[in-house]
Amino acid sequence: MTSRGLGTVGRIRRLSLVAVATAALAMTTACGAASSSPESVSGNWNEVVAAAEQEGSVYLYSTQHPDNLQKVKKAFEAAYPGIKLEFTRGTDVEINPRVETENRTGKGIADVHMSSDFTWVTRAAESGEFSVEPVGPAFDDPAYERSRSVIDDRLFLVSGAAFALGWNTDALPAGLDKPEDLLSESLRGRIGVVNPAGFAPVVDEYRFFDKNWAPDFTERLAALKPRIYPGALAVAQALNSGEIAATPMVQPLVREQNAGAPVGWKLPQPYWGTPWYSHVLASAPHPNAAQVLADFLVTRDGQIALSTGYASALPDIPGAVARAQDIPLPDVESLTAESVDRYQQEWHRKFVS
């Protein structure tokens, strides 16, 4: 077994002692994995690729930025013109239940799933129900650092989100230097935040603010009556349009700046982030094409397509803002369903009531 880590097998093993399984995942595990799927080729990599070209298509579920996914589609189809890539982009709250349902019913649509919800990823790795081992040669590239990047020979690191301070340069020409700069009365009603409802990593992010920036950071932030959005992408769009002036929780606005948008960003120290893991689904209707896509995601061409504004899983990737392996993992042991629910209620009281 290999594990990403804070370096050790024990880190992943200890997660199994934590009672973090949601009811949906428990039901999925109890009902069993998909009953059957087309045959995967067990020969050499050229035979896998030939079988993938016979299948002719592959489907990806992902929470990544849609522009990056379009780049992945273009680059993958250029590398493998005999395989058409389609994808569905959505939030983890939307997509993870689809993966569970497809696995439970055996009616797979997706072949590869990419998630930024490390709590869900951990449960999936623990259960072993959802994934098969990736077999492509790119996973053994020393630059990928497999021992730091693959959990239980199933879930593999492809990217990471490093969250920054962001601002609209028309509203704040001087920008933001540190998190405390956000806590200004002049920004009342002009800050954007993400609703953590149903999304454990965002709960972890808010806890990070209070632990690392100031013990009362979220209380003071809530007192400024920020606008609430469903995700970081919506926050970025609101900054671009001038609907809000600033935020403590946006992904680096690299592509927006390249497009001429009036925005700025800075990674605070320390910054919060979350890794993106992918896996080849046990319910994949195109199991060989799934392996080819999985391998492509961790090649240099795949990483260049995937990493604009994100942390990359390979070094020296143009457009990347950090290395995904260096993002600290969320504190899964504290993200039980009960504690997340309690925090969400507290958050609602602070930010909405």
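The model is predicted, so local features are considered only at pLDDT of at least 70 and side-chain atom pairs only at pLDDT 80 or more, whereas totals for chains, interfaces and linings use all residues. Residues are numbered from 1 along each chain as its sequence is written, and side-chain values use heavy atoms, with hydrogens and water left out.

The average pLDDT (the predictor's confidence in each residue, from 0 to 100) is 88 for the chain, and 89% of the residues score at least 70. Over residues 1-36, pLDDT stays under 50. For this stretch the model has 77 contacts (heavy atoms within 4.5 Å) beyond four places in sequence. Where pLDDT is low, the predicted coordinates should not be read in detail.

The chain contains 14 helices and 14 strands, taken as DSSP runs numbered from the N terminus (helices: H or I, at least four residues; strands: E, at least two). Of its 353 residues, 55% are buried; this term denotes under 20% relative accessible area, with exposed meaning over 50% and partly exposed the range in between (1.4 Å probe, protein chains only). The accessible surface amounts to about 14100 Å², and carbon and sulfur atoms account for 51% of that area, as computed by the Shrake-Rupley method with a 1.4 Å probe. Among contacts between residues at least 6 apart in sequence, 77% join residues at least 24 apart.

Helix H3 (residues 45-55) and helix H12 (residues 287-297) have axes that come within 7 Å and cross at roughly 115°. The axes are lines fitted to C-alpha atoms over the stretch in contact, and angles run from 0 to 180 degrees between N-to-C directions. The crossing of H3 with H12 is left-handed, that is, the near helix is turned anticlockwise from the far one by less than a right angle. On the H3 side, the contact involves Trp 45, Val 48, Val 49, Ala 51, Ala 52 and Glu 55; these meet Pro 287, Asn 288, Ala 289, Gln 291, Val 292 and Asp 295 of H12. By class, eight residues of this contact are nonpolar, two polar and two charged, where Ala, Val, Leu, Ile, Met, Phe, Trp, Tyr, Cys and Pro count as nonpolar, Asp, Glu, Lys and Arg as charged, and the others, Gly among them, as polar.

Several loop residues were also examined. Glu 180 lies between strand E7 (164-168) and strand E8 (192-194), and is partly exposed because its relative accessibility is 35%. Beyond four places in sequence, Glu 180 touches Trp 213 and Phe 217. The C-alpha atoms of Glu 180 and Arg 220 are 9.9 Å apart, although 40 residues separate the two in sequence.

Thr 308, in the loop between helix H13 (300-306) and strand E13 (311-312), has a relative accessibility of 10% and therefore counts as buried.

Gln 269 and Pro 270 are joined by a cis peptide bond, with omega about 0°; Pro 270 is placed between strand E11 (263-266) and strand E12 (273-281). A positive phi, near 55°, occurs at the non-glycine residue Glu 145, located between strand E4 (131-132) and helix H7 (146-149). Lys 225 likewise has a positive phi, near 50°, and is found between helix H9 (217-223) and strand E9 (227-229). Glu 145 is partly exposed at 26% relative accessibility, as is Lys 225 at 44%.
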